[in-house]
Amino acid sequence: MSDGYIRLIPTDQRWQPSPEAAAAAMSYVVQLFSGPQDDVEEVETEFYDEVTLIDAGDNTTGITCSNCSGDIHVGWFFDLIEEKGEAFGNLDFEVPCCETVVALDSLRFDWPVGFARFEICAMNPSRAKYELDDEELAEVAELVGHPVTQILAHY
């Protein structure tokens with residue numbers, strides 16, 4: 001069986017909220033999936049020591065280079081993650097298309113990915129409108145104290 005996730009991360013990859021703010025935002029996200037036809041298997045927060053890849057899982061099928069606009073095979077990216085892990089002290093790597101060093105967060109992915117030291121993750125959520133809308137994202141941002149974006153992942 002596969003799993004779907006809504007992963008909410010700050011727009012500043014190094015920023016982290018207070019534990020209290022994270023708990024308040026997590027409670028709000030739980031409430032978003034509490035209607036009569038809604039469900040979520042689990043909602044949790046995660047604080048990372050280093051900037052960590054927040055990927056889209058199987059949703060990622062294409063990557064374009066930010067330097068030369070060439071296609072980068074997703075296998076290269078997944079091999080890099082397997083070799084280096086998901087935590088990064090440095091996001092600069094040589095890409096295979098033009099052999100130039102670029103920051104991973106500057107690559108263009110067909111499904112958004114991100115890099116962060118904090119996330120709120122909703123596992124297997126379901127409701128009439130799956131992803132969070134702008135108003136809901138703004139409320140999460142207000143609760144954590146920083147703008148957030150969402151990554152939709154499938155594994």
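Which residues are buried in helix 2 (residues 74-84)? Val74, Gly75, Phe77, Leu80 and Ile81 are the ones tucked away there. Keep in mind that this is a predicted model. The protein has three helices and ten strands, and its radius of gyration of 16 Å is close to the 15 Å that the globule rule gives for 155 residues, so it is as compact as a globular protein of that length.

**Overall build**

- Going along the sequence, the elements come in the pattern β-α-β-β-β-α-β-β-β-β-β-α-β.
- The C-alpha trace spans about 50 × 35 × 25 Å along its principal axes.
- Buried residues make up 46% of the 155 in the protein.
- Take the contacts between residues at least 6 apart in sequence: 80% of them join residues at least 24 apart.

**Surface and charge**

- The protein's accessible surface comes to about 8,100 Å², and carbon and sulfur atoms account for 46% of that.
- On the charge side, there are 7 positive and 31 negative side chains.
- The centres of those two sets of charges lie 4 Å apart.

**Strand 9 and its partners**

- Strand 9 (residues 114-123) has ten of its ten residues buried, so it is largely enclosed by the rest of the structure.
- Strand 2 (residues 42-54) runs antiparallel to strand 9, and nine bridges join the two.
- Within strand 9, Ala116 is the residue that stands opposite Thr52.
- Strand 1 (residues 4-10) is also antiparallel to strand 9, here with four bridges.
- Tyr5 has Met123 of strand 9 as its bridge partner.

**Helix 2 and what covers it**

- Back to the opening question: the buried set in helix 2 is Val74, Gly75, Phe77, Leu80 and Ile81.
- A bit of helix geometry is handy here: an α-helix has 3.6 residues a turn, so residues three or four places apart point the same way.
- The cover over the buried residues of helix 2 includes strand 2, strand 3 (63-64) and strand 4 (71-72).
- Strand 5 (87-88), strand 6 (92-94) and strand 8 (108-109) are also included in that cover.
- Just past the end of helix 2, Gly85 takes a positive phi of about 90°.

- Three strands form an open sheet in the order 4-3-8, with antiparallel pairing.
- Strand 4 and strand 8 are the edge strands, since each pairs on one side only.
- Two bridges hold the antiparallel pairing of strand 3 with strand 8.
- For Ile63, the bridge partner in strand 8 is Phe109.

**Leu143 in helix 3**

- Leu143 sits in helix 3 (residues 134-144).
- With a relative accessible area of 27%, Leu143 is partly exposed.
- Setting aside neighbours within four places in sequence, Leu143 is in contact with Ala21, Ala24, Ala25 and Tyr28.
- Glu20 is 123 residues away from Leu143 along the chain, yet their C-alpha atoms are separated by 9.4 Å.

Definitions and conventions:
Residues are numbered from 1 along each chain as its sequence is written. This is a predicted model: local features need pLDDT of at least 70, side-chain atom pairs count only at pLDDT 80 or more; totals for chains, interfaces and linings use all residues. Side-chain values use heavy atoms; hydrogens and water are left out. Buried means under 20% relative accessible area, exposed over 50%, partly exposed in between (1.4 Å probe, protein chains only). Two strands pair if DSSP finds at least two bridges between them. Contact means heavy atoms within 4.5 Å. The radius of gyration is taken over C-alpha atoms; the globule rule is 2.2 Å times the number of residues to the power 0.38. Accessible areas come from the Shrake-Rupley method with a 1.4 Å probe; for residues, only the protein chains shown count as cover. Lys and Arg count as positive and Asp and Glu as negative; His and the chain ends are not counted. The place of a charge is taken as NZ of Lys, CZ of Arg, CG of Asp or CD of Glu.
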